[in-house]
Amino acid sequence: MQGGEFSISTSRRMDLIDITPQISQALLATGAGDGLCFIYNPHTTAGLTINEGADPAVRDDILAVFKQIIPQDYPYKHLEGNSPAHIMSSLMGSSVTVIVENDLLRLGTWQKIYFCEFDGPRTRKVLWRIS
Ligand code: ZN
C-alpha cells in the first residue's frame, strides 16, 4: 500500500481549496506508477469534489448556491450550530477517486481536486492511498 496524508489550513468559514498540487507532488514523490488514487476527507463538516479550476467564479457559484439552498436560520436540532456545514459535507461527499498513469493524475483538462471547507477556519487533514 502506498499513501500518506497532509494538512491544510483553511482561512475562511467556507472555501473550495485546490489540493491538486499536493496530491500530484505526493504521487511523484512516491513513484505511484499506475492505479487508482483514493483521496479521503476524515471530517464531518468538510468535503471533497472535482470541478473546474480555470474560472474561480465556478467555486464562488458553488458556495453561493450552497448558502442559498441550505439556510443558516432553519430550526436545526444539532446544538453545535454548524448543521449547515454537516449537510454540505454530506452533499459533497467524503472522497474522490482519480485514475493514475505514470505517477500522474488523469484529470480532465479543466478539472481540479477541491477540499471543501464548510466550517472553517481550521486545520484539516487529507488522506490518500494508491491501489
Ligand atoms: Zn456539529
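**Notebook: fold, sheet and zinc site of a predicted model**

I began with contacts (heavy atoms within 4.5 Å): residues 24 or more positions apart account for 83% of the contacts in the protein with a separation of 6 or more. I note that this is a predicted model, in which local features need pLDDT of at least 70, side-chain atom pairs count only at pLDDT 80 or more, and totals for chains, interfaces and linings use all residues. Residues are numbered from 1 along each chain as its sequence is written, and side-chain values use heavy atoms, with hydrogens and water left out.

**Entry 1: overall dimensions**

Along the principal axes, the C-alpha atoms fill a box of roughly 50 × 30 × 20 Å. I computed accessible areas by the Shrake-Rupley method with a 1.4 Å probe; for residues, only the protein chains shown count as cover. The accessible surface comes to about 7,300 Å², and 52% of it belongs to carbon and sulfur atoms. Of the 131 residues, 39% count as buried (under 20% relative accessible area; exposed is over 50%, partly exposed in between; 1.4 Å probe, protein chains only).

**Entry 2: elements and sheet**

I took helices (H or I, at least four residues) and strands (E, at least two) as DSSP runs, numbered from the N terminus. There are three helices and eight strands, in the order β-β-α-β-β-α-α-β-β-β-β from the N terminus on.

Which strands form the open sheet, and in what order? I found five, in the order β1-β8-β3-β5-β6, with antiparallel pairing (two strands pair if DSSP finds at least two bridges between them). β1 (2-9) and β6 (104-105) stand at the edges with a single partner strand each, so one side of each is left without a neighbour in the sheet.

I then followed the pairings. β1 and β8 (residues 123-130) are antiparallel over eight bridges, and E5 has L127 of β8 as its bridge partner. β3 joins β8 through four antiparallel bridges, where Y40 stands opposite L127. Six bridges join β3 (residues 35-40) to β5 (residues 95-101), again antiparallel, and F38 has T97 of β5 as its bridge partner.

**Entry 3: zinc site and helix α3**

Which atoms coordinate the zinc ion? I list H78 (NE2), E80 (OE), N82 (OD1) and H86 (NE2), at 1.9 to 2.2 Å. Donors are N, O and S atoms within 2.8 Å of the metal (3.2 Å for Na, K and Ca); water is not among the atoms, so sites may look incomplete. The sequence spacing of the donor residues is H-x1-E-x1-N-x3-H. The four donor atoms make angles of 91 to 152°, and the site is irregular. E80 is exposed at 54% relative accessible area, whereas N82 is buried at 7%.

In α3 (residues 83-92), I found S83, P84, A85, M88, S89 and M92 buried. Their cover includes β4 (46-52), α2 (56-69) and β7 (111-117).

**Entry 4: backbone exceptions**

Most residues other than glycine have a negative phi, and most peptide bonds are trans. I recorded a positive phi of about 50° for N102 and one near 70° for D103. The bond from G120 to P121 is cis, with omega near -5°; P121 is in the loop between β7 and β8.

Technical notes. Four donors count as tetrahedral if all angles lie between 85 and 135 degrees; four count as square planar and six as octahedral if opposite donors are over 155 degrees apart and all others between 65 and 115; anything else is irregular.
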